[in-house]
Amino acid sequence: MFSLKNIPNFLTILRIVLIPSIVLCIEIDNQQYYWIALFLYVTACFSDFFDGYLARKFDIESNFGRFLDPIADKILVVSILIILIANHLIVGVFVYPALVIILREIIVSGLRDFFLHSTKTLLVTNLAKWKTLFQMSSLGFLLVQKNFETKLILYLGNLGLTFASAITIYTGYIYFKKNLKLF
């Protein structure tokens, strides 16, 4: 039976299930499909917010959610970055901020795996949450950039991605500094 405690897990699974549809819409390379991709992407981003909010508010966190939620987030971000690069929606020097974000996701996943059986938990900062907001927003702009004659949307997306990567570097430094004692 479906209950309140299953909603965060459902939202996490939904986020993963939406990814192939988002990628397919981008691959079709059609203005209408870019809007569909954006809608699905925004849905996935909101599911990320709501699953965590509900789990904390109603104290219904689960081992399944603790395991799969960060993986779903990373799969979403890395998939979108790679498909945007592959379809030349992120080009030139702006590939480097995307690379910084992808590398950070891999490193943090490795650290989480390393500490999986530890009684210690890795500390996350509020700034990292802001980084996620900038990152997700900028990817949304980049998804629909071809739908506008003006380059403003492209510039906002690239600027946001660059800013998110700078925050990524800074929060990565803080993350390692605060958690260094766990090694």
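Analyst: Happy to! A salt bridge here is a side-chain nitrogen of Lys or Arg within 4 Å of a carboxyl oxygen of Asp or Glu. The model is predicted, so local features need pLDDT of at least 70 and side-chain atom pairs count only at pLDDT 80 or more, while totals for chains, interfaces and linings use all residues. Residues are numbered from 1 along each chain as its sequence is written, and side-chain values use heavy atoms, leaving out hydrogens and water.

The whole structure holds nine salt bridges. One of them joins arginine 104 to glutamate 105, with the closest N and O atoms 3.5 Å apart.

Now to arginine 15. Its salt bridge with aspartate 51 has closest N and O atoms 3.3 Å apart. That pair links distant parts of the chain, with arginine 15 in helix α1 and aspartate 51 in helix α2, 36 residues apart. Helices are DSSP runs (H or I, at least four residues), numbered from the N terminus. Arginine 15 also meets aspartate 69 in a salt bridge, at 2.4 Å from N to O. Here the link runs from helix α1 to helix α3, across 54 residues. Arginine 15 counts as buried because its relative accessible area is 0%, and aspartate 69 counts as buried because its value is 19%. Aspartate 51 is buried as well. Arg15, Asp51 and Asp69 belong to a salt-bridge network that also takes in Asp48 and Asp73.

Let's follow α1 itself. Its buried residues include Pro8, Asn9, Leu11, Arg15, Leu18 and Ile22, and what covers the buried residues includes α2, α3 and α5. A kink of about 25° lies at leucine 18, shortly before proline 20; the bend is the angle between axes fitted to the seven residues ending there and the seven starting there. After α1 comes aspartate 29, with a positive phi near 55°.

Finally, the nonpolar side. The largest nonpolar core has 33 residues, and Ile22, Ile26 and Tyr41 are among those with the most contacts inside it. Elements giving two or more residues to this core include α1, α2 and α3. Such a core is a set of buried Ala, Val, Leu, Ile, Met, Phe, Trp, Tyr and Cys residues joined through side-chain atoms within 4.5 Å. Tyrosine 41 touches Ile22, Leu76 and Leu139, among others, contact meaning heavy atoms within 4.5 Å.

Note on methods:
Buried means under 20% relative accessible area, exposed over 50%, partly exposed in between (1.4 Å probe, protein chains only). Lists of a residue's contacts leave out its neighbours within four places in sequence.
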